[in-house]
Amino acid sequence: MFRPKSTFEQWRIFQAVVDCGGYAQAAEALNKSQSSLNHAVAKLQQSLGLALLEVRGRKAVLTPAGEIFLKRARQLSQQVEELENLANNLERQWEPQINLYVSVLQPRERLYRALAHFHPRSRGCRINLHERIHCHFNALQVGDLMLSEHLPHDRTGLPLDEVCLLPLCAAEHPLAGQEEPITAELLASHNQISLHPPIHRSVDWNDADDTGWKATHYREVLSMVSLGLGYAWVPRHLVQEELASGALVRLDLAGGSERYLYTYLLTPSTDALGPAAELLLRCLRNEYQADSGK
């Protein structure tokens with residue numbers, strides 16, 4: 001096992017001497033004797049075999065090696081502070097991490113604003129954001145949060161977003177040139193590109209015979225649609241630029257050209273949430289409820 005030649009206290013004193021501009025000033029700031037600081041820095045330099053500081057008049061000046069080590073020493077101090085904060089947070093039952101499961105359908109703008117409000121008060125709590133085609137409520141553990149269009153019949157959730165899905169194809173695709181509303185029979189004769197596993201039974205049209213192409217992310221779906229390989233139902237918020245530029249065309253379907261799904265914020269038990277998850281839950285509620293009231 002590695003045995004360090006230096007101590008954290010020596011590195012702390014080294015930083016103080018630099019930050020305060022000299023040994024006398026650092027001794028006053030740390031409430032230590034100047035001789036003890038001189039001894040600590042001398043021992044540190046001796047253990048490293050490098051000069052970190054040189055005294056010019058009454059001022060301690062960094063050597064080239066000292067400039068490099070100062071940056072690393074500051075990182076070390078930050079890491080030690082984070083370790084001690086983590087221990088303090090765990091003692092207070094502050095969670096070290098939160099699992100946040102998010103549907104691929106979920107618009108991100110308000111979610112990311114909520115995370116931005118959470119971050120300064122997170123006390124080092126790590127967010128594990130898992131994007132899922134299917135968010136299974138029964139797979140959640142206590143303390144997990146989920147943003148999904150799947151609302152169990154025996155649960156209530158905070159309403160988040162109304163997601164509009166549009167049937168789209170590339171501008172050069174044969175369906176794009178139809179002057180009359182497209183019938184179900186005509187649509188079924190063309191390749192449908194969809195997510196696998198399917199998002200929701202209400203958006204799995206023409207999927208009964210399982211002949212369409214599948215992808216595991218909307219990025220791949222849109223890439224194939226843009227190449228004219230088929231059509232797809234895609235959330236409107238993901239294709240605003242493509243629709244505006246004309247790269248993708250919205251299809252006029254005889255049976256209706258819009259489908260709507262609604263997303264919800266869910267957790268197994270609000271009473272069992274830890275303080276960090278409670279804070280994140282408040283940030284999410286504040287963000288979505290504030291917008292819904294406008």
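Helix 1 (residues 8-20) packs against helix 2 (residues 23-30) with the axes 8 Å apart and at an angle of about 115°. The model is predicted: local features need pLDDT of at least 70, side-chain atom pairs count only at pLDDT 80 or more, and totals for chains, interfaces and linings use all residues. Residues are numbered from 1 along each chain as its sequence is written, and side-chain values use heavy atoms, with hydrogens and water left out.

Helices here are DSSP runs (H or I, at least four residues; strands are E, at least two), numbered from the N terminus. Axes are lines fitted to C-alpha atoms, for helices over the stretch in contact, and angles run from 0 to 180 degrees between N-to-C directions.

**Helix 1 and helix 2**
- Arg12, Ile13, Ala16, Val17 and Cys20 of helix 1 are in contact (heavy atoms within 4.5 Å) with Tyr23, Gln25, Ala26, Ala29 and Leu30 of helix 2.
- By class, this contact of helix 1 with helix 2 has eight nonpolar, one polar and one charged residues (nonpolar: Ala, Val, Leu, Ile, Met, Phe, Trp, Tyr, Cys and Pro; charged: Asp, Glu, Lys and Arg; polar: the others, Gly among them).

**Helix 2 and helix 3**
- Helix 2 and helix 3 (residues 34-48) have axes 8 Å apart and pack at an angle of about 110°, which means that helix 2 is roughly perpendicular to helix 3 (65 to 115 degrees; under 35 is roughly parallel, over 145 roughly antiparallel, the rest oblique).
- Helix 2 passes helix 3 in a right-handed crossing.
- Helix 2 contributes Tyr23, Ala24, Ala26, Ala27 and Leu30, and helix 3 contributes Gln34, Leu37, Asn38 and Val41.

**Helix 1 and helix 3**
- The axes of helix 1 and helix 3 cross at roughly 115° and come within 9 Å, so helix 1 is roughly perpendicular to helix 3.
- Helix 1 passes helix 3 in a left-handed crossing.
- Gln10, Trp11, Ile13, Phe14 and Val17 of helix 1 meet Leu37, Ala40, Val41, Lys43, Leu44 and Leu48 of helix 3.
- The contact of helix 1 with helix 3 divides into nine nonpolar, one polar and one charged residues.

**Annotation and domains**
- An unreviewed UniProt entry lists residues 7-63 as "domain: HTH lysR-type"; UniProt positions are in the numbering used here, feature names are shortened, and annotations may be inferred rather than shown by experiment.
- Residues 7-63 are 63% helix and 14% strand, with end C-alpha atoms 20 Å apart.
- The chain is divided into domain 1 (6-90), domain 2 (95-158 + 261-288) and domain 3 (160-202 + 209-259), with bounds from an automatic or database domain assignment.
- Between domain 1 and domain 2, the C-alpha centres lie 42 Å apart.

Terms used
A crossing is left-handed if the near helix is turned anticlockwise from the far one by less than a right angle, and right-handed if clockwise.
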